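Trainee: I would like to learn how to read pockets in a model. Please start with the terms.

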Amino acid sequence: MTDRKFETRQVHAGYEPDEHGAVVPPIYNSVTYAYDSPTETIGDHRYSRMSAPTRDALDGLIADLEGGRYGRTFASGMAAINTLFTAVLSAGDHVVAGENLYAESHTLLTRVFSEFGVDVTFTDTADLDAVAAAITPETALVYLESPTNPLLRISDIAGVADAAAAAEADPVVAIDNTFASPYLQRPLELGADVVVESLTKYVAGHSDVMAGAIVTDDPQLEEAFEFVQYNQGATPNPFACFLVSRGAKTLSSRMRVHCENARAVAEFLADHPAVDRVYYPGLESHPNHDVAAEQMRDFGGMVSFELDASLEETSAVISNTEIFELAESLGGVESLVEQPAPMTHQDLTVEELEAIGLSESLVRLSVGTEHVDDLLADLDGAIEAGVR
Ligand SMILES: Cc1ncc(COP(=O)(O)O)c(C=O)c1O
């Protein structure tokens, strides 16, 4: 299957018609599976917190799309990330983490795992010397996003993997691939040990289901992820698995439109007199545009910007859009707008926001698949009405 093109694999990988000939994975709601004798199950499953047919199909699909041997899906992206941290970290360990992370990933490290004796250093992972310098003999994990949420920073994933491999501690390198999706970027092929992602976003693609995934080639890590998931119980339900599998079949087609629209939005904003700064890896002005061009197929559907305006005017602009819905989340076919400081990243302290350069007035767009002319007109009208 894996020598077929992505567009073919996203439709077929992970599932063959079952004994009834069902062409798409059926929703198996059974929680428990029958045994022939106390030591022999009739089929491959015994209890659905451990494994179940609808989830198996999704696990196989995501592993294939990310180009890894083992795929494991979860109740949410955060459930997958929590499993990664639980499986890899012990008291006394140290983590080198990207300084700009999704707020809950940041919080898990600083307010949950820190309580269990894990130490974390946040670093600019775009700077490979800084990554190498931050790794200590206790470093068990190097963890980052690229592109990051919400500043769209890019790190050289192969360079980070090399820096980690060169260190005596040889930490696990794990990349959150949520913003790119496996269609645009495959971190395992770039040398990462683990990829985690929220399937809630681009992979499912319709803002109607929560799920997450971990993929790796390493059998020992997979065994640890399986152990943690089975015992902690963050499994996705069968209907969620069905919805994600259904959404994933159109991932490449949706991503092409997301990227095309986002590029047009970024260029429009970059040329707009009321806009101070645009963050989009596809713009040549982005500090790591070349690295993004090298490791990604295209630059994604997320764009952030700051207006040359007061906080009140910024709030007015994002409250006035008609197509861009003012809401958290991303990666669905519908366009969304949000302000990370009071919304998605509200759990970070003012000092933490300042440390990563996330201004209060930053606006984040998840550019959907609507017609680009309508999206540009919506933004233009809202800026016109909101900025005096
Ligand atoms: C980069 C990134 N990672 C992880 C998550 C968490 O995913 P979920 O909401 O599915 O738990 C998010 C959610 O927005 C995210 O943006």
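Mentor: Domain bounds here come from an automatic or database domain assignment. This is a predicted model, in which local features need pLDDT of at least 70 and side-chain atom pairs count only at pLDDT 80 or more, while totals for chains, interfaces and linings use all residues. Residues are numbered from 1 along each chain as its sequence is written, and side-chain values use heavy atoms, without hydrogens and water.

Trainee: How is a pocket found?

Mentor: Rolling a probe the size of a water molecule over the atoms shows where empty space is left. On a 1 Å grid over the protein atoms alone, a pocket is an open set of points where a 1.4 Å probe fits, with protein on both sides within 12 Å along at least five of seven lines; lining residues have an atom within 4 Å of a point.

Trainee: Which domains give at least three residues each to the lining of the largest pocket?

Mentor: Domain 1 (6-248) and domain 2 (251-386) each do. The lining has 26 residues, and Met78, Tyr102, Asn149, Ser198 and Lys201 lie nearest the centre of the largest pocket.

Trainee: What is the class make-up of that lining?

Mentor: The largest pocket is lined by 9 nonpolar, 9 polar and 8 charged residues. Ala, Val, Leu, Ile, Met, Phe, Trp, Tyr, Cys and Pro count as nonpolar, Asp, Glu, Lys and Arg as charged, and the others, Gly among them, as polar.

Trainee: And the second largest pocket?

Mentor: Its lining has 8 nonpolar, 4 polar and 3 charged residues. Of these 15 lining residues, Arg153, Arg277, Tyr279, His286 and Pro287 are the closest to the centre of the second largest pocket. Domain 1 (6-248) and domain 2 (251-386) each supply at least three residues to this lining.
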